[in-house]
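Reader: Can you walk me through this one? I'd like the helix packing, then the chain contacts, then a few details.

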Amino acid sequence: MTAVQNTMDAARVSELAKVETRRYARHPVFLLGLVLGIVSLYAALNHVTDDYYGPPVIPAFFLGVFGMVVAFRLTRTMERSAEAVESSPTPVHQRVGALLLACLLPAALGLLAGLAILGLGEVKADWAYGTWSTDERVAIILGQSLVAGLGGPLLGVAAARWLRFPGAVVVPVIAVSTWVIMVNGWSATNQDSTGWLVARLFSPLAFFTTLDTDGGTHRVESWRGDPWFYLLWLVLLCALAAIVALLKGAEGETRARLRSSLVVAVVLALAALTLAVTSGPDHTTVRSPAGVTGI
Amino acid sequence: MSATVRLTGVGKKYGRTHTLRGLDLVLEPGVTGLLGPNGAGKTTLLRILATVLPPSEGRVRVLDLDPSDPRERTEVRRRLGYLPQELGFPSGFTAFAFVDYLAVLKEWTQADARHDEVRRVLGLVDLAGQSAKKVKALSGGQRRRLALAQALIGSPALMLLDEPTTGLDPEQRASLRGVLAEAARTSTVLLSTHQTNDVAALCERVVVLDAGRVCFNGAVRELLARAEGCVWLADEPHSSAISTWRTGTGRYRNLADPAPPGAELVEPTLEDAYLLLRSSAPALT
């Protein structure tokens, strides 16, 4: 491929991405999620709390889950003009690539939300952080804000490309929500089980702490797993969603390259998951105003 | 004159059903009408030429390129304008934004030049004043013209139009004819339609499909000549007429082959010629 062609392709994808980003920004579901998310986050950060790890769920839900719906709908609505679109010289992987780039909008908002939580979240005392260090807290919160804001919409695009039946938009929403709630809920009563640890970290949104009450006193349980390797696993899940979305309909050399990328991304993702499971604390610890103890 | 489209033995099958079979066709610059009953294979033919559907058999050359080769297919698409039979519109777009989006897909990456082109094609279809309107707020005829506008982007060398005049009022159709006639000065236009008067008004040549095969391919005047002497007025309907109806004067207009002696002959229309051709075509299965 010539340099001229590469420049032309980049210019075209860039223009399409601008259009898709504007469509994303104007989508009613996105706007609703944005308003609800801002209000909820403001309410959560506007007071001193014991629950430092609660607010990141807000961008994860309002940008990630709502974003799945938005991205799915944006991908699918262009298919109404499929014949005119397909007869254009722009190949399908460039059109999908532009949609994937539009997912940077919720990701950027997720980053802002994460920075707001990191910068503005006030706790009553240091024990509310659990046993996580400052940089580990950054990894936990960015995973639930920035990466959730990116990953949810990317999954929405991938689902729209592959699931061809009416109402398919609910499949990723229900599948992800159910998995996240189930494994995190059950992990709370099986903190040190390696099986539940794998199930929890396999999830696209994993908690690393829980706020508990012991005799009327709050305490924070810090669970097993390495937040930074878990963040890497999440980033690689995002890459997998993007590759899977691009793969549908790709032809020739592009398809071959995407398949190779998929294999590499799967291997790297599994390696990151393995490291997330095997690194970090090997048992749950409890931190309360009285100090740090095992469980 | 060089051929823009050359089909050799082209066929298309869906399961066991042949939609097109053994099609040999050459299209040259100018407007060619494509007529045929529902299910004759007109839309399938246009989709094959638009490179959105591969043929099951045969050889297709479009603009001297082979659409089965991905690189050549992209080159064909750069020089193609295609109006599908049913073009849906994504939600939330204005008329301008929709055509602008298609223009980006057609490699108009410079925003100023692209916006000028979008304004030009919207003007051609009389939608310049509606460009800021949401597509869902446009009437059926306006949406059809919007769909046509995207096919006009960049003055393509080959335009494939599937029933472009559906839903248009007489003024809009007349205006559209002007646009297509102008486009045909530099392009090859294939116009699939059920409106024989559009073909009569615009086309030099006409292709008639029936059951996936070409049953006529020639000049419009040649098809018209087949109906000479077959249309006449009488006080009574003719029992074996292909079509007959009572006109506003109270007399019956009969289409039959041949006219009885002494009948008052009238000028045949392309519709008469088409109906006569269809009635004489052997049953194709």
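This is a predicted model: local features need pLDDT of at least 70, side-chain atom pairs count only at pLDDT 80 or more; totals for chains, interfaces and linings use all residues.

Reader: At what angle do the axes of helix 10 and helix 12 of chain A cross?

Author: Roughly 130°. Helix 10 of chain A spans residues 194-202, helix 12 of chain A spans residues 252-278, and their axes come within 10 Å.

Reader: Left-handed or right-handed crossing?

Author: Right-handed, for helix 10 and helix 12 of chain A.

Reader: New topic. How many residues of chain A are in contact with chain B?

Author: 22 residues of chain A, and they contact 24 residues of chain B.

Reader: Which helices of chain A each supply at least two residues to that side?

Author: Helix 1 (3-26) and helix 4 (82-86). Helix 1 of chain A gives the most, with eight residues.

Reader: And by class, what is on the side of chain A that touches chain B?

Author: Eight nonpolar, six polar and eight charged residues.

Reader: Over to chain B. Which residues of helix 2 are buried there?

Author: R73(B), V76(B) and R77(B), in a helix that runs over residues 70-78. They cover an arc of only 95° around the axis, so they sit on the same side of helix 2 of chain B.

Reader: What do the buried residues of helix 2 of chain B pack against?

Author: Strand 4 (57-62) and strand 5 (80-83) of chain B.

Reader: Last one, H18(B). Where is it?

Author: H18(B) lies in strand 2 of chain B, residues 17-27.

Reader: Is H18(B) buried or partly exposed?

Author: Partly exposed, because H18(B) has 19 C-beta neighbours inside 10 Å and buried takes 20 or more.

Reader: What does H18(B) touch, leaving out residues up to four places away in sequence?

Author: G11(B), K13(B) and G212(B). Also, the C-alpha atoms of H18(B) and A211(B) are separated by 8.4 Å, though the two residues are 193 apart along the chain.

How values were computed. Residues are numbered from 1 along each chain as its sequence is written. Chains are lettered from A and ligands numbered from 1 in the order in which they are written. Two residues are in contact if their C-beta atoms, placed from the backbone, lie within 7 Å. Helices (H or I, at least four residues) and strands (E, at least two) are DSSP runs, numbered from the N terminus. Ala, Val, Leu, Ile, Met, Phe, Trp, Tyr, Cys and Pro count as nonpolar, Asp, Glu, Lys and Arg as charged, and the others, Gly among them, as polar. Axes are lines fitted to C-alpha atoms, for helices over the stretch in contact, and angles run from 0 to 180 degrees between N-to-C directions. A crossing is left-handed if the near helix is turned anticlockwise from the far one by less than a right angle, and right-handed if clockwise. A residue is buried if 20 or more other C-beta atoms lie within 10 Å of its own, exposed if 12 or fewer, and partly exposed in between; C-beta atoms are placed from the backbone. The arc is that of the directions from the helix axis to the C-beta atoms.
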